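Hi there,

Here is the structure I promised to pass along. Have a look at it first, and then read on for what turned up.

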Amino acid sequence: MSEWRYWLNEQRGTLMGLAIFLLMFAVYIANHPAGLTANVAQTAANKGVLFAFVAMAQTLVVITAGIDLSVGMIFILTNCLASWIVVGEPLPTALGVVAVLAAGMVCGAINGLLVIYGRLQPIVATIATGAVYFGLALLLRPFPGGSVNEDLADALTGRLFGVIPSSLVVLAAAVLLVWLPFRRSRLGRAAYAAGSSEQAAFMSGVPIRRGKFAAYTLAGLLAAMGGLFLTFFTYTGEAAYASGSGYTLWSIAAVVLGGVSLYGGRGSAIGAIFGAFAARTTGDMLFVFDVDPLWQPLLQGVVLMIAVSIGSLALLRVRNRLDWFQ
Amino acid sequence: MSDTSEDRISIRTRLPAFLRRADPAVLTAFGCILLLLLLSSLYSSNFLSLNYLLQQLKVASFLGVVAAGVMVVILLGHIDLSVPWVMTTGAMMACAAAGFGSVGPVIAIPFGIICGTAFGLLNGFGVAYLRIPSMIVTLASNVVAQGLMVVYTGGFSPQDSAPPPVRWLATGFLIPGLPNAILVWVAISAMMIFLFTRTAFGRAVYGIGNSERAAYLSGVDTRRVVMIAFAISGALSAFGGVLLAGYSSKAAQAMGDAYLLPAIAAVVLGGTSILGGRGSYLGTVAGVILITLLQSILSVMQMPEAGRQIVYGVVIIVMLLLYGRTPPNR
């Protein structure tokens, strides 16, 4: 068998995510009154990028067979923090950005420490840390408000050369500078190995603890990037519980749509990005079809339900009934 | 929680018989409740008054009913994230059914529970027969339930108020001095204990939590058991929502949002393994009381919402580090 078949098999989930997104986006653009103009692309990209960062963060943790239910709260916390410190002259602004990203990494690292060295189950540990992060966000911003360096915000949510949405460029940079190096490093391989079989990885002398720790920490970093973008997008910080838990829930949906296995060890953050874009486009699509906003949550739910049921078609290929049970 | 080390066994053999048989996690949880009450009584002696304690048990009973359902699902090694909107659906449908003429108030409670059971069956079908991860399918059905309720109410809180039977169930007194909600919780608890310890279904739930393959090979129809378990969870979530609607005398949008995480936390703090297969119902009761007390004490001390969230999270983490750790990788 030639090389590319293995590659295709490995990338099947990512390509599925890409296909779902392209299909939905094509339908969306075809029905949009303005068509594909730079303006439409910019708005779609800005909204999609928020989802994409949180979904990438979730992917890193899901690959290690964990789950991060605090990812939306890290997103909200860094948003509130950024609305305080990413202001003023270029130098303080830059320091503020670094501090926000560092805060996200610390949040992710705390999750990692509790799960790996505290040996707590990821679901409950991140529920608890999520409550703490939300409390901190509320402490920073009891009421919505604050401001952000508007020059930077406009530059990063605007267009490059008048055509390319610059938020997409930042997203691509995050993929190139965070995801790909991690994926190709020894630690990244360890994270995958720990997700697919922790016992086997442990026996083979793979540094599973450091790999998982790196995954949780980088997840915090990516969530913080999302939080920064939310601040650039809205110019304010707001500790909204519903928004935080909503982003957490949709990040899980995006990860699944992007072909990342919730059992760990399979999938890629690039697939999750397409999953996030697809999830985002569902909302926009209902808008162009002029659906009553009241019906929007129901239709989104039904689409999500159908999307997750598609995966169960694989059951038809199962020959041995014992393979039903993982 | 598995006591394999020699010294722990020798300590346990010296304990009186009823303590030896009890789960250490359950004992720790009850110990923490006593400690919490003692510490808070230093702040104000009102915390030890019978009135306050009964009031807390009444508030705890709503969470207790929901947590009982969540526990069945967690024992299977699955999770139910559809609790918030299934609760709201149960509450809203019970209030809506009350409008159907003279039979309305009579069918209100059963109708709310039936709607919750329907969502539970949907979850169970997805998990058991379609083999979709429970986290995803319950997440999706939560969004569907939310969508249905938004369409039904037009996005506002519904105007119709809870019918008298629902209100009586949540706030009335069948026995003077003892709120009905506590009696309901006791009845549900008795049923759950019977279900877990005296029925084939209960044993099958524990068996599937340990190894679904082994349970299947032993002749258990595991898929049916999983589906019924999710239906029970949906029914109890909806029932919790009905009680809550009776307590606040009407259903409201997003009324269940504050119940998902405390319910999971209560089950886990009570010593049930989130991986399934291990845990006792008494522990869940302890976890529910513990979380309700913690929330109440923090709010009586007039701590702002931010501080409450932080303390709440930290306490859960500390307690889990005390006894909720998984065995090391060796």
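What percentage of the 330 residues in chain B do buried residues make up? Buried residues make up 50% of them, where buried stands for 20 or more other C-beta atoms within 10 Å of a residue's own, exposed for 12 or fewer and partly exposed for anything in between, with C-beta atoms placed from the backbone.

Before the rest, a word on conventions. This is a predicted model, in which local features need pLDDT of at least 70 and side-chain atom pairs count only at pLDDT 80 or more, while totals for chains, interfaces and linings use all residues. Residues are numbered from 1 along each chain as its sequence is written, and chains are lettered from A and ligands numbered from 1 in the order in which they are written.

The two chains

Chain B has 15 helices and zero strands; helices (H or I, at least four residues) and strands (E, at least two) are DSSP runs, numbered from the N terminus. A compact globule of 330 residues would have a radius of gyration near 20 Å, and the 20 Å of chain B agrees with that. The radius is taken over C-alpha atoms, and the globule rule is 2.2 Å times the number of residues to the power 0.38. Along the principal axes, the C-alpha atoms of chain B fill a box of roughly 65 × 55 × 40 Å.

Chain A has 14 helices and two strands. Its radius of gyration is 20 Å, close to the 20 Å that the globule rule gives for 326 residues, so chain A is as compact as a globular protein of that length. The C-alpha trace of chain A spans about 60 × 50 × 40 Å along its principal axes, and 50% of its 326 residues count as buried.

Where the chains meet

In the interface, 43 residues of chain A are in contact with 44 residues of chain B, contact being C-beta atoms, placed from the backbone, within 7 Å. On the chain A side, α6 (122–140), α10 (198–203), α12 (241–257) and α14 each supply at least two residues. The largest share, 13 residues, comes from α6(A). That side of chain A divides into 32 nonpolar, nine polar and two charged residues. Here Ala, Val, Leu, Ile, Met, Phe, Trp, Tyr, Cys and Pro count as nonpolar, Asp, Glu, Lys and Arg as charged, and the others, Gly among them, as polar.

The axes of α14 (residues 296–310) of chain A and α7 (residues 134–153) of chain B come within 7 Å and cross at roughly 155°. That makes α14(A) roughly antiparallel to α7(B) (under 35 degrees is roughly parallel, over 145 roughly antiparallel, 65 to 115 roughly perpendicular and the rest oblique). Axes are lines fitted to C-alpha atoms, for helices over the stretch in contact, with angles from 0 to 180 degrees between N-to-C directions. Residues making this contact include L298(A), M305(A) and V308(A) of α14(A), and V137(B), V144(B) and L148(B) of α7(B). The contact holds 15 nonpolar, four polar and no charged residues.

Two arginines to check

R119(A) has a positive phi of about 55° although it is not a glycine. This residue sits in the loop between α5 (90–117) and α6 of chain A, and with 16 C-beta neighbours inside 10 Å it counts as partly exposed. In chain B, R131(B) has a positive phi near 55°. R131(B) lies in the loop between α6 (104–128) and α7 and, with 18 C-beta neighbours inside 10 Å, counts as partly exposed.

Best wishes

Note on methods:
Two residues are in contact if their C-beta atoms, placed from the backbone, lie within 7 Å.
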